[in-house]
Amino acid sequence: MQHLKTSITVILLTIVFTGVLSFEVILPYETVAIVDAEDVVEEAIDDLTEEETPTEEDPIVIDENAKVVYLTFDDGPSPDVTSHILDILKEYNIQATFFVIGNLAEQHPDILLRTWEEGHLVGNHTYTHNFRHIYGNPQNFLDEVERTDEVFSSILGTDYYKSKFIRFPGGSFGKRLQPFRQAVGEAGYISIDWNVVTGDAEGHRVSPQKQLTRLQETLQNKKEAIVLMHDSNTKQTTVEALPEIIDYLISQDYVFKTLKDYEF
Ligand SMILES: [Zn+2]
């Protein structure tokens, strides 16, 4: 009887001990996810800077509670503004998305190349940005998008893969643009609008303070914020506003990503 008791105790202890062991094995991921999501996000960001994008099985991707911001810049490249924006983003080690106009890329290939080489996503913003022409009919629009793709490939070389991301000049909103949305969708493109603005296109030389206020008004703690900004030559005050805008987003615990990581 005593022998039996000892055996049962040993078995129970073994079960408990094995249980503890296996519990310890899963503990790190599960506990951190519940206890401190922010730490996990920070770890994930650290890891992302060292490695490629993690696979689906990668246990580090537990940032369900993280707020994500996608900074987007339209209407470049321009020598007076885009380069300064790239400098600021580099300083903060942040990647953004640039919706580039094809004919301006032809004029400033060096800036496009720098944008690409510094890890930003290059998206398509048509070849001319001429509303009358591009919105004349869906085929005009598609032709300009494809022409811009060819410009990108000729400047960025074989490393460049055809960008599937486009932004409609003025946005893709409204019933009238439905045939246009359908045409680009069938051609394999994904069009992206925005849900946050800085108002840098709502006037001439919009002050940095006003841009920050517009961002705060429209951000409203959104879990996924796509911020519309502009890097055309006249947008010097966007350069001036950018550090404060980034500092504010950091203070609100946002993680910065390019639209490559946007979940569709
Ligand atoms: Zn535009």
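The model is predicted, so local features need pLDDT of at least 70 and side-chain atom pairs count only at pLDDT 80 or more, while totals for chains, interfaces and linings use all residues. Residues are numbered from 1 along each chain as its sequence is written.

Of its 264 residues, 31% are buried. A residue is buried if 20 or more other C-beta atoms lie within 10 Å of its own, exposed if 12 or fewer do, and partly exposed in between, with C-beta atoms placed from the backbone. Two residues are in contact if their C-beta atoms, placed from the backbone, lie within 7 Å. Taking contacts between residues at least 6 apart in sequence, 73% join residues at least 24 apart.

A nonpolar core here is a set of buried Ala, Val, Leu, Ile, Met, Phe, Trp, Tyr and Cys residues joined through C-beta atoms within 7 Å. The largest one has 46 residues, and the members touching the most others are Val69, Val100, Ala105, Val122, Val196, Ala225 and Val227. Val122 gives a picture of the surroundings: with neighbours within four places in sequence left aside, Val122 is in contact with Phe98, Val100, Leu112, Thr115, Trp116, Phe152 and Ser163.

Next come the helix pairs. Axes are lines fitted to C-alpha atoms, for helices over the stretch in contact, and angles run from 0 to 180 degrees between N-to-C directions. Angles under 35 degrees count as roughly parallel, over 145 as roughly antiparallel, 65 to 115 as roughly perpendicular, and the rest as oblique. For handedness, a crossing is left-handed if the near helix is turned anticlockwise from the far one by less than a right angle, and right-handed if clockwise. For residue classes, Ala, Val, Leu, Ile, Met, Phe, Trp, Tyr, Cys and Pro count as nonpolar, Asp, Glu, Lys and Arg as charged, and the others, Gly among them, as polar.

Helix α10 (residues 236–251) and helix α9 (residues 208–219) have axes that come within 8 Å and cross at roughly 45 degrees. That angle makes α9 oblique to α10, and the crossing is right-handed. On the α9 side the contact uses Pro208, Gln211, Leu212 and Leu215, and on the α10 side Thr237, Glu240, Ala241, Glu244, Ile245 and Tyr248. Sorted by class, this contact of α9 with α10 has six nonpolar, two polar and two charged residues.

Helix α10 also pairs with helix α3 (residues 82–92); their axes come within 9 Å and cross at roughly 20 degrees, so α3 and α10 are roughly parallel. The α3 and α10 crossing is right-handed. His84, Ile85, Ile88 and Tyr92 of α3 meet Val239, Leu242, Pro243 and Ile246 of α10, a contact with seven nonpolar residues, one polar and no charged.

Ile85, which lies in α3, is buried, with 25 other C-beta atoms within 10 Å. Beyond four places in sequence, Ile85 is in contact with Phe73, Asp231, Val239 and Leu242. Phe73 sits 12 residues from Ile85 in sequence, with a C-alpha to C-alpha separation of 9.2 Å.

The axes of helix α7 (residues 138–156) and helix α8 (residues 178–186) come within 9 Å and cross at roughly 40 degrees, so this pair is oblique. α7 passes α8 in a right-handed crossing. Here Pro138, Phe141, Leu142 and Val145 of α7 meet Pro179, Phe180, Ala183 and Val184 of α8. By class, the α7 and α8 contact has eight nonpolar residues, no polar and no charged.

Some backbone details are worth a look too. The peptide bond from Gly76 to Pro77 is cis, with omega near 0 degrees; Pro77 lies in the loop between β1 (67–76) and α3. Thr126 has a positive phi, near 70 degrees, in a residue other than glycine. Thr126 is in the loop between β3 (121–124) and α6 (131–134) and is buried, with 27 other C-beta atoms within 10 Å. Gln220, also not a glycine, has a positive phi of about 45 degrees. Gln220 is found in the loop between α9 and β7 (224–230), and counts as exposed, with 9 C-beta neighbours inside 10 Å.

Notes:
Helix = DSSP H or I, 4+ residues; strand = E, 2+ residues; numbered from the N terminus.
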